[in-house]
Amino acid sequence: MNINKQQLADLNKTNLKNHQTHFDFLAQSLSHSDTDVNTLVAKLAEFQVAIPSWALGAGGTRFGRFSFSGEPASLEQKIEDIGLIHSLTQTAGAVSLHIPWDVPNDYNAIKELAALHSIKFDAVNSNTFQDQKNQKESYKYGSLSNTSAAVREQAIAHNKEVVEIGNQLGSKALTVWLADGSSFPGQNNFQTALTHTQNSLISIYEDMPADWKLYIEYKPYEPNFYSTVIQDWGTSLMLANGCGERAYTLVDLGHHLPNTNIEQIVSILMLKGKLGGFHFNDSKYGDDDLTVGSIKPYALFLIFNELVYGMQNNPQNPELGWMIDASHNVKDPLEDLIQSLEAIQEAYAKALLIDQNALRAAQEAHDVTTCQELLQNAYRTDVRPLIREARLRHGGALNPIEAYRALEVRKNLINERGNKTVATGL
Ligand code: LRH
Ligand code: MN
């Protein structure tokens with residue numbers, strides 16, 4: 001199924017006048033603070049988020065998985081689904097593949113199909129947290145940290161193979177997340193496990209093409225429930241420093257213990273030039289992989305405040321990898337991803353409204369109330385006209401969810417694919 005710009009232009013007609021009124025009102029009210037809406041709209045339009053190839057079907061938990069009809073049964077169909085999301089939102093112009101869940105059969109065909117949908121290949125993800133059929137060594141007791149050199153060698157070889165696959169597709173970064181850890185005290189020697197992990201990552205890093213980046217993703221627990229080798233940002237940063245200047249920390253929003261100040265972590269990593277990118281999602285308890293901004297939208301806004309400050313003041317930090325990492329148990333995966341994209345753009349747009357110089361001055365003056373007022377005024381501004389305008393100017397839908405339903409996308413996908421197809425992934 002494809003969605004063309006004319007279909008969306010026709011659908012937008014009903015909301016166009018109403019949108020124009022809201023956009024003009026916001027433009028006029030922002031002009032007081034010399035904020036030019038066209039600059040904001042341009043920034044939002046160039047802001048592209050990578051869609052996780054493993055989150056286009058129904059996710060599940062150990063308690064069950066309720067499939068969705070019309071799921072993509074191949075990488076080609078996954079690219080098409082991301083193309084649908086990108087047509088509607090104009091902000092999903094990239095895909096992050098997970099290997100071996102998404103190994104291309106025909107590289108040229110996949111590259112052509114992705115180009116047809118204006119989709120780039122962002123970071124590729126390795127997988128040494130599951131044993132594949134006829135795999136020689138098991139990752140049951142870890143991979144890059146395993147006490148067995150044979151297991152570590154196998155895991156290192158897999159990561160090098162993932163880089164090779166990504167390189168053929170035009171990707172420029174490898175994301176390594178390790179489930180490695182222990183579930184009982186005494187099970188692991190923490191120092192040996194970390195040392196093995198460091199040396200394994202260095203071997204992978206030194207084998208990467210010179211223009212590639214290594215993203216090291218941390219997580220406090222799950223699937224191990226007593227210790228995780230790469231448990232927090234500090235450990236990831238230490239390992240990145242141990243690898244070299246093209247190794248960075250990847251922040252998955254769901255990988256923090258309750259009440260962790262994630263925006264402070266983001267700020268420190270940017271100051272050190274070691275923030276590689278994000279896996280956006282939201283959570284109330286653990287690594288829930290819920291829709292971005294659905295639980296803690298203000299926390300996401302505060303993270304983008306640090307990102308905007310960092311992008312203006314930390315040239316030492318490279319361009320960031322913007323990616324979603326979600327799992328859909330009860331919602332249509334495509335609708336869920338569309339809502340996540342909207343929440344990310346909303347947090348970014350609100351953060352762009354913060355007068356960073358006025359905030360700096362108030363901080364210097366210890367005028368705490370003004371600091372808070374500056375943040376909350378921005379947060380309380382309805383920026384949706386800006387996001388709609390960015391979509392409109394690039395041929396997208398004023399209201400993507402409304403358009404998705406009006407075009408009966410899910411029904412069409414089921415007609416094309418049947419309702420028994422199951423997507424690879426989580
Ligand atoms: C681990 C994680 C990691 C992926 C996996 C799908 O929880 O966030 O980024 O490899 O989810
Ligand atoms: Mn993740």
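**Entry 1**

I began with Phe 278 and looked up what lies across from it: Phe 278 stands opposite Trp 322 in β11. A reminder to myself is that this is a predicted model. The two strands here, β10 and β11, run parallel and are joined by four bridges. To get from β10 to β11, the chain passes through helix α9 (residues 297-313), and I noted that this β-α-β crossover is right-handed.

Next I asked which way the residues of strand β11 (residues 321-324) point. Gly 321 and Met 323 point one way, while Trp 322 and Ile 324 point the other way. I found all of them buried.

How many residues of β10 are buried? I counted six of its six, so to speak a mostly covered strand, because buried here means under 20% relative accessible area.

β10 also pairs with strand β9 (residues 247-252), in the parallel sense and over four bridges. In this pairing I found Thr 249 opposite Leu 275 in β10. The chain crosses from β9 to β10 through helix α8 (residues 262-271), and this β-α-β crossover is right-handed.

**Entry 1: The manganese ion**

Then I turned to the manganese ion (ligand 2) and asked which residues are its protein donors. I wrote down Glu 217 (OE), Asp 252 (OD), His 279 (ND1) and Asp 325 (OD), which lie 2.1 to 2.2 Å from the ion. Along the chain, the donors follow the spacing E-x34-D-x26-H-x45-D. One pair that I followed links distant parts of the chain: Glu 217 is in strand β7 (residues 213-217) and His 279 is in strand β10 (residues 275-280), 62 residues apart.

Are these two buried or exposed? Glu 217 has 4% relative accessibility, so I count Glu 217 as buried. His 279 has 1%, so His 279 counts as buried too.

I also looked up the geometry of the site. For reference, I noted the ideal angles for six octahedral donors, 90 or 180 degrees.

**Entry 2: The nonpolar cores**

How many residues does the largest nonpolar core have? I found 112, and those with the most contacts inside this core are Leu 214, Phe 278, Phe 280, Phe 304 and Leu 307. Phe 278 is the residue I started from, opposite Trp 322. Helix α10 (residues 333-352) gives the largest share of the core, eleven residues.

Apart from this core I found another, of eight residues, including Ala 94, Tyr 215, Tyr 248 and Met 323.

I then picked Leu 214 and listed what it touches, leaving aside neighbours within four places in sequence. Leu 214 is in contact with Leu 174, Val 176, Leu 201, Tyr 205, Met 208, Cys 243, Arg 246, Ala 247 and Tyr 248.

**Entry 3: Two cis peptide bonds**

Which residues are joined by cis peptide bonds? One such bond joins Ile 99 and Pro 100, with omega about 15°. I placed Pro 100 in the loop between β2 (94-96) and α4 (107-116).

Another runs from Glu 222 to Pro 223, with omega near 10°. Pro 223 belongs to the loop between β7 and β8 (227-228).

**Entry 4: Positive phi values**

I looked next at residues other than glycine with a positive phi. Gln 90 has phi near 55° and sits in the loop between α3 (75-89) and β2. Its relative accessible area is 16%, so I call Gln 90 buried.

Ser 118 also has phi near 55°, a positive value. I found Ser 118 in the loop between α4 and β3 (120-121). With a relative accessible area of 47%, Ser 118 is partly exposed.

**Entry 5: Gly 425**

My last stop was Gly 425, in the segment after α15 (409-417). What does Gly 425 touch? Not counting residues up to four places away in sequence, I noted Trp 54 and Trp 101. The relative accessible area of Gly 425 is 27%, so this glycine is partly exposed. I also checked Gly 425 against Ala 193: the two are 232 residues apart in sequence, and C-alpha to C-alpha they are 28 Å apart in space.

Technical notes
Residues are numbered from 1 along each chain as its sequence is written. Chains are lettered from A and ligands numbered from 1 in the order in which they are written. This is a predicted model: local features need pLDDT of at least 70, side-chain atom pairs count only at pLDDT 80 or more; totals for chains, interfaces and linings use all residues. Side-chain values use heavy atoms; hydrogens and water are left out. Donors are N, O and S atoms within 2.8 Å of the metal (3.2 Å for Na, K and Ca); water is not among the atoms, so sites may look incomplete. Buried means under 20% relative accessible area, exposed over 50%, partly exposed in between (1.4 Å probe, protein chains only). Two strands pair if DSSP finds at least two bridges between them. A crossover is right-handed if, with the strands pointing away from the viewer, the path from the first strand over the helix to the second runs clockwise. A nonpolar core is a set of buried Ala, Val, Leu, Ile, Met, Phe, Trp, Tyr and Cys residues joined through side-chain atoms within 4.5 Å. Contact means heavy atoms within 4.5 Å.
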